[in-house]
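Subject: The model I promised you

Hi,

Here is the structure we talked about. Have a look at it first, and then read on for what turned up.

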Amino acid sequence: MKYTSAEAAKLLRSLNEELGAVMGAEVATREFIAATTEDVESIRPKYDFTETQKEIERLQKEIRKVKHALNVFNTTTVIPELGITIDEALVYMPQLSSQKMKLSSMRGRQAKTREYSRSGSSIIEYRYANYDIDAADAEFKRVSDLLAKMQTALDVINNSVKFEIK
């Protein structure tokens, strides 16, 4: 069946929720406590070890299949506007975000700021930017634009390009 990345992500989330429910039910029913005065068989919770393991295995296999198809799609699909694969973009975006945060701080600095001594010294010190603040501002804008372009291109692909999950 064919899915977009967005649809595959929703399917994956659903499968993981279903697996969590099965595993949670297993934890709740695989053991129980009974008093010596109780009829053990009348309070025994319904639990089938073999069937539960089969269902867990089935769900895990389906999760692996969806993740693999998504990984193959991400490593082979090139974002036309950028000339890189989705996989590379998914690595690149956090790098750009980190760079953007650093540049945001750098572009907001003054060329020279007064430092206040905590030791009570009468010497006045200044902190100087050792870089071109305008260049940092220009680079911030370039990185921000590239990040936005990448996010938009990924959104388009994630919601429109379909791939096969076998």
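**Salt bridges**

Let's start with Glu7 and Lys162, whose side chains form a salt bridge with N and O 3.5 Å apart. That pair ties together distant parts of the chain: Glu7 sits in helix H1 (residues 5-29) and Lys162 in strand S6 (residues 162-164), 155 residues apart. Keep in mind that this is a predicted model.

Lys141 and Asp137 make one of them, with their closest N and O atoms 3.0 Å apart. Here both residues belong to helix H5 (residues 133-160) and are four residues apart, about one turn of the helix. As a reminder, an α-helix has 3.6 residues a turn, so residues three or four places apart point the same way. Lys141 comes out as partly exposed, with 44% relative accessibility, and Asp137 is partly exposed at 22%.

Then there is Arg44 with Glu41, a salt bridge at 2.7 Å from N to O. How accessible are the two, starting with Arg44? Arg44 is partly exposed at 42%, while Glu41 reaches 53% and counts as exposed, because the cut-off for that class is over 50%. You'll also find a network of salt bridges that links Glu18, Glu55 and Arg58.

**Helix H1**

H1 has 25 residues, and from its first C-alpha to its last it reaches 36 Å, close to the 36 Å expected at 1.5 Å a residue. Which of its residues are buried? They are Ser5, Ala8, Leu12, Leu15, Leu19, Val22 and Glu26. What do these buried residues of H1 pack against? Their partners are strand S1 (2-4), helix H3 (49-76), H5 and S6.

**H4 against H5**

Next, take a look at helix H4 (residues 86-107) and H5, which pack at an angle of about 150° with their axes 9 Å apart. An angle over 145 degrees counts as roughly antiparallel, so that is how H4 and H5 run relative to each other. The crossing of H4 and H5 is left-handed.

**Two asparagines**

Last, two residues I'd zoom in on. Asn158 is in helix H5 and is partly exposed, at 22% relative accessibility. Leaving out neighbours within four places in sequence, Asn158 is in contact with Thr4, Ser5 and Ala6. Its C-alpha is 9.6 Å from that of Ile86, although Asn158 and Ile86 are 72 residues apart along the chain.

Asn74 is in helix H3. Is Asn74 buried or exposed? At 11% relative accessibility Asn74 counts as buried, because the limit for that class is under 20%. Not counting residues up to four places away in sequence, Asn74 touches Ser5, Thr85, Ile86, Asp87 and Leu90.

Cheers

Technical notes. Residues are numbered from 1 along each chain as its sequence is written. This is a predicted model: local features need pLDDT of at least 70, side-chain atom pairs count only at pLDDT 80 or more; totals for chains, interfaces and linings use all residues. Side-chain values use heavy atoms; hydrogens and water are left out. A salt bridge is a side-chain nitrogen of Lys or Arg within 4 Å of a carboxyl oxygen of Asp or Glu. Buried means under 20% relative accessible area, exposed over 50%, partly exposed in between (1.4 Å probe, protein chains only). The expected span of a helix is 1.5 Å times one less than its number of residues. Contact means heavy atoms within 4.5 Å. Axes are lines fitted to C-alpha atoms, for helices over the stretch in contact, and angles run from 0 to 180 degrees between N-to-C directions. Angles under 35 degrees count as roughly parallel, over 145 as roughly antiparallel, 65 to 115 as roughly perpendicular and the rest as oblique. A crossing is left-handed if the near helix is turned anticlockwise from the far one by less than a right angle, and right-handed if clockwise.
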